[in-house]
Amino acid sequence: MGKRSGLEPFAEYACAGADLLALKPANATFEESAAVPLAAITALQGLPKGQIRPGQRVLVNGASGGVGSFAVQIAKSFGTEVTAVCSRQNLDNARSMGADHVIDYTQEDFTRNRLRYDLILAVNGHHPILGYRRTLNSTGICVVLGGSVAQIVQSLLFGPLISRTGSRKIGFMGIAKPNQKDLLLIKDLLEAGSIKPMIDRLYPLSDTAEAILALEEGHARGKLAIAG
Ligand SMILES: NC(=O)c1ccc[n+]([C@@H]2O[C@H](COP(=O)([O-])OP(=O)(O)OC[C@H]3O[C@@H](n4cnc5c(N)ncnc54)[C@H](OP(=O)(O)O)[C@@H]3O)[C@@H](O)[C@H]2O)c1
């Protein structure tokens, strides 16, 4: 085997530090388990630690993709009231993941209705940062996890300013940090049935290029998985 760059994500065998691993959940297939770590840990780390309380109103923008589908389920597991924003074709899916309310982003701009949220997870799509600010309640928090470059850049540039000058907080979460503690927490949630990976399509390893092209179209429903 040649020198590893650390960027070889698709292989039948791969090496990783023991401190980044956890046993496969008993009730998940290998493919489901493989679909979990980065997306679920990103969703988990997007939830501000120690500040989530049952009954809070949480909105997930981009609720139907890899990260968003876990964000909805993890937020629900904390006892919050979740609104999922996705396109029409994914509304039923979002409900099946436990979302209390759904908004079709092709029909309604949630930053322009009068509803306010304690926490917004901006996972996908784009809204101007002032739109997110307007949609938070007076002490609300908006965490930008991803989405358009403009959305991320605005959160990096203006998030700190908005957060310093008022009681609402907005910021980019940074890059998710894989670690065993969070992985074990996710494993517990999986084994308790609180979260379940949503696999849109399973590809054989030989069709990896096709899977990447499908992912790049930006409309995966949950995760695309590669089987060895
Ligand atoms: N911070 C980090 O460490 C970290 C880690 C992983 C990923 N990310 C970022 O997080 C984002 C999401 O990643 P992902 O893997 O979940 O992506 P993904 O699975 O490819 O997202 C696909 C989903 O996005 C939805 N979507 C597309 N346009 C949308 C819009 N305008 N509004 C709302 N939803 C929209 C699609 O729904 P429809 O088909 O219904 O349109 C689809 O279900 C990306 O920007 C990624 O770069 C960040």
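These legends describe close-up views of a predicted model.

**View 1. Pairing of strand 1 with strand 2.** Strand 1 (residues 57-61) and strand 2 run parallel and are joined by five bridges. Within this pair, valine 58 stands opposite valine 82 of strand 2.

**View 2**

**View 3. The crossing of helix 2 and helix 7.** The axes of helix 2 (residues 37-46) and helix 7 (residues 180-191) come within 10 Å and cross at roughly 100°. The two helices are therefore roughly perpendicular to each other. Helix 2 contributes Pro37, Ala40, Ile41, Leu44 and Gln45, which meet Asp182, Leu183, Leu185 and Ile186 of helix 7. By class, seven residues of this contact are nonpolar, one is polar and one is charged.

**View 4. The shell around the ligand.** Of the 30 residues around the ligand, those that come nearest are Gly65, Ser87, Gly125, Gly146 and His219. Helix 2, helix 3 (66-77) and strand 2 (81-86) each supply at least two residues of the shell. By class, the shell has 16 polar, 13 nonpolar and one charged residues.

Note on methods
Residues numbered from 1 in each chain as written. Predicted model: local features only at pLDDT ≥ 70, side-chain atom pairs only at ≥ 80, totals over all residues. Axes fitted to C-alpha atoms, helices over the stretch in contact; angles between N-to-C directions. Helix = DSSP H or I, 4+ residues; strand = E, 2+ residues; numbered from the N terminus. Parallel < 35°, antiparallel > 145°, perpendicular 65-115°, else oblique. Contact = placed C-beta atoms within 7 Å. Nonpolar A, V, L, I, M, F, W, Y, C, P; charged D, E, K, R; others polar. Near = placed C-beta within 6 Å. Pairing = 2+ DSSP bridges.
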